[in-house]
Amino acid sequence: MPIRHCIVHLIEKKPDGTPAVLHARDSELGESQAMENLLADLNESYNAKQGKAWGFFHEESGAYPFSGWLSQYMDGNQDFTTFSRQAVEHLQKLMEESNLSTGGHVLFAHYQQGMTDYLAIALLHHSEGVTVTESLDVAAARHLDLGQLHLATRINISEWRNNKQSKQYISFIKGKNGKKVSEYFRDFIGCQEGVDGPGETRTLLKAFSDFVENEDLPEEQAREKTSALVGYASSQAKIGEPVSLEELSGLIDEERPKAFYDHIRNKDYGMAPEFPADKRTLNQFRRFTGRAEGLSISFESHLLGSKIEYDEARDMLIIRQLPTQLVDQLKRRKD
């Protein structure tokens, strides 16, 4: 991925109310293999993160100045270093107002993937480790720990500039330790949530379950279509791309590529044509399984509520349309 501009600043701050100290770099980082590796690893870690939110910029104001600075940079009215310096000073101010916040190295990277421009901003932290030196000694070594990525954002600049109706060109990590920890970072970006990824994913799975039931598909076909849906949506989430309902519909049924898409539109589920899939919700959709004392039960979750019902009061599963092979075995046993 071509890196157009990149810079790192340092904000020193402890979560105890002490003032934040900014150490700003005065020039961009040069091109290097290490920088390319860092950005690739950052994207991989970011894509794997659960609990992200998607949205769009607030209208530019004194409280939310970031989008204005980004516009000036993209319009060529200021350079990348100046833009990043304005932004990191604003982040420093918001950090000081948030007692729970912790400082770190702040990475700004403007890069391209295909024809799309992105801006990534991440608060990076180090971990202590060990290394073996050239003289075969063991020594302490610090390294960036992208597994501890808790505050970061990725802005699809191309979508922001070219699609004024979009409400999902910004994604950001909500924060591991609760909403208040990440509020200052969301306010720093000036982002308001526009698309509920988990909610849209749940609606998609409900629409799919209804589609399978309405089509009265054989179990094998239902399993194949479930696998296609989960596989596609999980792959899109892994690379940080949204689910396209039209594309998904074609994958689910190649002979009738519009069938699932038309089902969603005709039933008016109120879904966006494209949305970010939530991996946690997808993982919960795959299967229900259980094993105890010679009993093993496993079924795909879309069958719950149609062919399978759970009676919580009586602690019972009610199963309809048993597999023919199982019915034959039961009949032979009875005889």
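## Helix 9 and its end

Just after helix 9, Asp268 takes a positive phi of about 55°. This value, like the others here, comes from a predicted model. Helix 9 itself covers residues 259-267. Its buried residues are Ala259, Phe260, Tyr261, His263 and Ile264.

What covers these buried residues? The cover includes helix 6 (197-215) and helix 8 (245-252).

## Helix 6 against helix 9

Helix 6 and helix 9 pack with their axes 10 Å apart. The angle between them is about 110°. Angles of 65 to 115 degrees count as roughly perpendicular, so helix 6 and helix 9 are roughly perpendicular to each other.

Which residues make the contact? Helix 6 brings Leu204, Ala207, Phe208, Asp210, Phe211 and Asn214. Helix 9 brings Ala259, Phe260, His263, Ile264 and Lys267. By type, the residues of this contact divide into seven nonpolar, two polar and two charged.

Strand 9 spans residues 170-173. Ile170 and Phe172 point one way from the strand. Ser171 and Ile173 point the other way. Are these residues buried or exposed? All are buried.

Strand 9 pairs with strand 3 and with strand 8. Strand 3 (residues 52-57) runs antiparallel to strand 9, and four bridges join them. In this pair, Lys52 stands opposite Ile173. Strand 8 (residues 152-156) also pairs with strand 9 in the antiparallel sense, over three bridges. Here Ile155 stands opposite Ile170.

## Cys191 in strand 10

Cys191 sits in strand 10 (residues 191-195). Its relative accessibility is 3%. Buried means under 20%, so Cys191 counts as buried.

What does Cys191 touch, not counting residues up to four places away in sequence? The list is Gly55, Phe56, His58, Ile170, Phe172 and Arg186. Glu28 makes a contrast in distance. The C-alpha atoms of Cys191 and Glu28 are separated by 26 Å, and the two residues are 163 residues apart along the chain.

## Ser45 in helix 1

Ser45 belongs to helix 1 (residues 33-48). Its relative accessible area is 16%. The cut-off for buried is under 20%, so Ser45 is buried. Leaving aside neighbours within four places in sequence, Ser45 is in contact with Leu146 and Leu149.

## Two loop residues with positive phi

Leu136 has a positive phi of about 65°, although it is not a glycine. Where does Leu136 lie? Its place is the loop between strand 6 (126-132) and strand 7 (138-144). The relative accessible area of Leu136 is 68%. Exposed means over 50%, so Leu136 is exposed.

Asp315 is not a glycine either, and its phi is positive too, at about 55°. Asp315 lies in the loop between strand 15 (308-311) and strand 16 (316-319). With a relative accessible area of 61%, Asp315 is exposed.

Conventions. Residues are numbered from 1 along each chain as its sequence is written. This is a predicted model: local features need pLDDT of at least 70, side-chain atom pairs count only at pLDDT 80 or more; totals for chains, interfaces and linings use all residues. Side-chain values use heavy atoms; hydrogens and water are left out. Buried means under 20% relative accessible area, exposed over 50%, partly exposed in between (1.4 Å probe, protein chains only). Two strands pair if DSSP finds at least two bridges between them. Contact means heavy atoms within 4.5 Å. Axes are lines fitted to C-alpha atoms, for helices over the stretch in contact, and angles run from 0 to 180 degrees between N-to-C directions. Angles under 35 degrees count as roughly parallel, over 145 as roughly antiparallel, 65 to 115 as roughly perpendicular and the rest as oblique. Ala, Val, Leu, Ile, Met, Phe, Trp, Tyr, Cys and Pro count as nonpolar, Asp, Glu, Lys and Arg as charged, and the others, Gly among them, as polar.
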